[in-house]
Amino acid sequence: RGGAIKNTAMAAAATLPAPPDPTASSIRPLAAQLRNEGRHEEALRTIGRHLRASSSSASALNAAARLCNELALSSMREGEGEGYSLDAAFEYLQVSLGMRGTTRELQAVSLNNLSIFYSRTAQPQRALRCLLQARRRSGAPRRRGPRRGAAEGSEDDIRVHVALNLTAVLADLGRHREALEMAHEAVEDLRRDAVERGEAPQASLLSAAYHNLAVQQERLGAARGHVLSYRAAIQAARRCGEEPHRGGGPPLITSRPLTARRCG
């Protein structure tokens with residue numbers, strides 16, 4: 001899949017002339033405009049020129065990987081007009097993952113978002129493989145103390161996103177007890193991280209985590225546990241000003257690269 005443009009950005013980095021201003025902030029508006037117009041190959045070439053101009057430095061690679069993830073997430077949103085394209089989202093994420101030298105955290109973000117693509121195209125086994133790789137890159141659940149060098153609201157959020165999506169994919173595969181364990185882990189991680197930071201848990205993620213937990217508890221016949229979890233999900237969603245998830249299954253959570261929505 002995507003052999004024609006899969007490596008466009010990296011190839012362009014070696015062949016196209018450098019633009020006068022190669023900073024990530026300067027190419028983001030142009031790349032976003034090209035994506036909005038459905039000109040995905042040109043967006044990738046724009047990223048390639050940025051990499052060439054910066055000699056593919058570590059900071060440039062990380063900036064390009066973040067941008068690829070942003071473009072991929074936008075491309076996967078229905079209602080995006082000409083910019084909507086699951087195939088293009090796949091290519092953006094493949095380019096991001098092909099950039100050698102990006103942080104493990106960004107690799108986990110890309111793999112998590114790639115799992116969304118596979119889930120939406122009815123490929124749950126591939127989605128599961130992506131999430132297991134993302135889990136290894138984002139690290140094991142923390143049991144005490146903050147991680148050294150972890151940016152607040154970034155690494156921990158990615159780990160929780162992966163746990164939430166593992167819940168959804170495992171449930172799709174009929175592995176409900178494992179899904180229940182992942183849902184418990186997501187709730188526990190969110191609450192523990194909030195205590196360590198001295199602030200309320202992220203309400204949007206907490207709502208999704210409790211909803212996932214409730215779905216699996218109900219599926220496995222928990223007497224009242226699922227009712228309490230549904231209530232907790234609704235309360236968290238309202239604190240964040242969002243509508244509670246009303247679907248029949250766990251929601252899939254995309255990862256914004258190295259950013260966190262905070263509400264609570």
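**Notebook: an all-helix chain and one of its pockets**

I began with secondary structure and counted eleven helices and zero strands in the chain. The model is a predicted one. I then read the order of elements from the N terminus and wrote down α-α-α-α-α-α-α-α-α-α-α.

Next I looked up burial. The chain has 264 residues, and 50% of them count as buried. Buried here means under 20% relative accessible area. For the surface, I noted an accessible area of about 12300 Å² for the chain. Carbon and sulfur atoms hold 49% of that area.

I turned to contacts. I took those between residues at least 6 apart in sequence, and found that 69% of them join residues at least 24 apart.

Then I went to the second largest pocket. A probe the size of a water molecule, rolled over the atoms, shows where empty space is left. I recorded about 230 Å³ of space in the second largest pocket.

Which residues lie nearest the centre of this pocket? I listed Gln94, Leu97, Leu111, Leu114 and Gln133, out of 15 residues in the lining.

I also checked which helices contribute to the lining. Helix 5 (86-98), helix 6 (104-120) and helix 7 (124-138) each give at least two residues. Helix 7 gives the largest share, with five residues.

Last, I sorted the lining of the second largest pocket by class. I got six nonpolar, five polar and four charged residues.

Notes: Residues are numbered from 1 along each chain as its sequence is written. This is a predicted model: local features need pLDDT of at least 70, side-chain atom pairs count only at pLDDT 80 or more; totals for chains, interfaces and linings use all residues. Side-chain values use heavy atoms; hydrogens and water are left out. Helices (H or I, at least four residues) and strands (E, at least two) are DSSP runs, numbered from the N terminus. Buried means under 20% relative accessible area, exposed over 50%, partly exposed in between (1.4 Å probe, protein chains only). Contact means heavy atoms within 4.5 Å. Accessible areas come from the Shrake-Rupley method with a 1.4 Å probe; for residues, only the protein chains shown count as cover. On a 1 Å grid over the protein atoms alone, a cavity is a set of points where a 1.4 Å probe fits but cannot get out, and a pocket is an open set with protein on both sides within 12 Å along at least five of seven lines; lining residues have an atom within 4 Å of a point. Grid points are joined across faces, edges and corners, and a volume is the space filled by probe spheres set on the points. Ala, Val, Leu, Ile, Met, Phe, Trp, Tyr, Cys and Pro count as nonpolar, Asp, Glu, Lys and Arg as charged, and the others, Gly among them, as polar.
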